[in-house]
Amino acid sequence: MEKVIKKIKIKEQKSDFNYWQQQPYEKRLEALEEIRQQYHQYKYNNAEPRLQRIYRIKTPSR
């Protein structure tokens, strides 16, 4: 199989909006989750994703 590469100017690049609008929501969510995981690995150096915890200390009222 021969590899083919086509260079185009960024202004000539077609939008992929129509492609994603035609995909079922499951596939769109799957792609979004993959992007989110890649971003998390890039931003946080492969740290385990966790929920943020907020601690509040209540002082007794007098």
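Q: Why is the contact between Glu33 and Arg36 called a salt bridge?
A: In this predicted model, the side chains of Glu33 and Arg36 meet at 2.7 Å, N to O. A salt bridge is defined as a side-chain nitrogen of Lys or Arg within 4 Å of a carboxyl oxygen of Asp or Glu, and therefore the contact at 2.7 Å is given that name. The structure holds 1 salt bridge.

Q: Where do Glu33 and Arg36 lie?
A: Both residues belong to helix α2, which covers residues 25-44, and they are 3 residues apart, about one turn of the helix. Helices (H or I, at least four residues) and strands (E, at least two) are DSSP runs, numbered from the N terminus. The chain has 2 helices and 0 strands.

Q: What makes Glu33 and Arg36 partly exposed?
A: Buried means under 20% relative accessible area, exposed means over 50%, and partly exposed is in between, with a 1.4 Å probe and protein chains only. Glu33 has a relative accessible area of 31% and Arg36 has 40%, so both values fall in between and both residues count as partly exposed.

Q: Why is Ile35 called exposed?
A: Ile35, which is also placed in helix α2, has a relative accessibility of 54%, and because exposed means over 50%, that is the word used for Ile35. The C-alpha atoms of Ile35 and Gln22, 13 residues apart along the chain, are separated by 19 Å.

Q: How do you know that Tyr19 and Trp20 form an aromatic pair, and what makes the pair edge-to-face?
A: The structure holds 1 aromatic pair. Tyr19 and Trp20 form this pair, with 5.0 Å centre to centre and 80 degrees between the planes. Rings of Phe, Tyr and Trp (its six-membered ring) pair if their centres lie within 6.5 Å, while planes under 30 degrees apart count as stacked, over 60 as edge-to-face and the rest as tilted. The distance of 5.0 Å therefore makes Tyr19 and Trp20 a pair, and the angle of 80 degrees makes that pair edge-to-face.

Q: Are Tyr19 and Trp20 buried or partly exposed?
A: Tyr19 is partly exposed at 38%, and Trp20 is partly exposed at 29%.

Q: How were the residues numbered and the values computed?
A: Residues are numbered from 1 along each chain as its sequence is written, and side-chain values use heavy atoms, with hydrogens and water left out. For this predicted model, local features need pLDDT of at least 70 and side-chain atom pairs count only at pLDDT 80 or more, while totals for chains, interfaces and linings use all residues.
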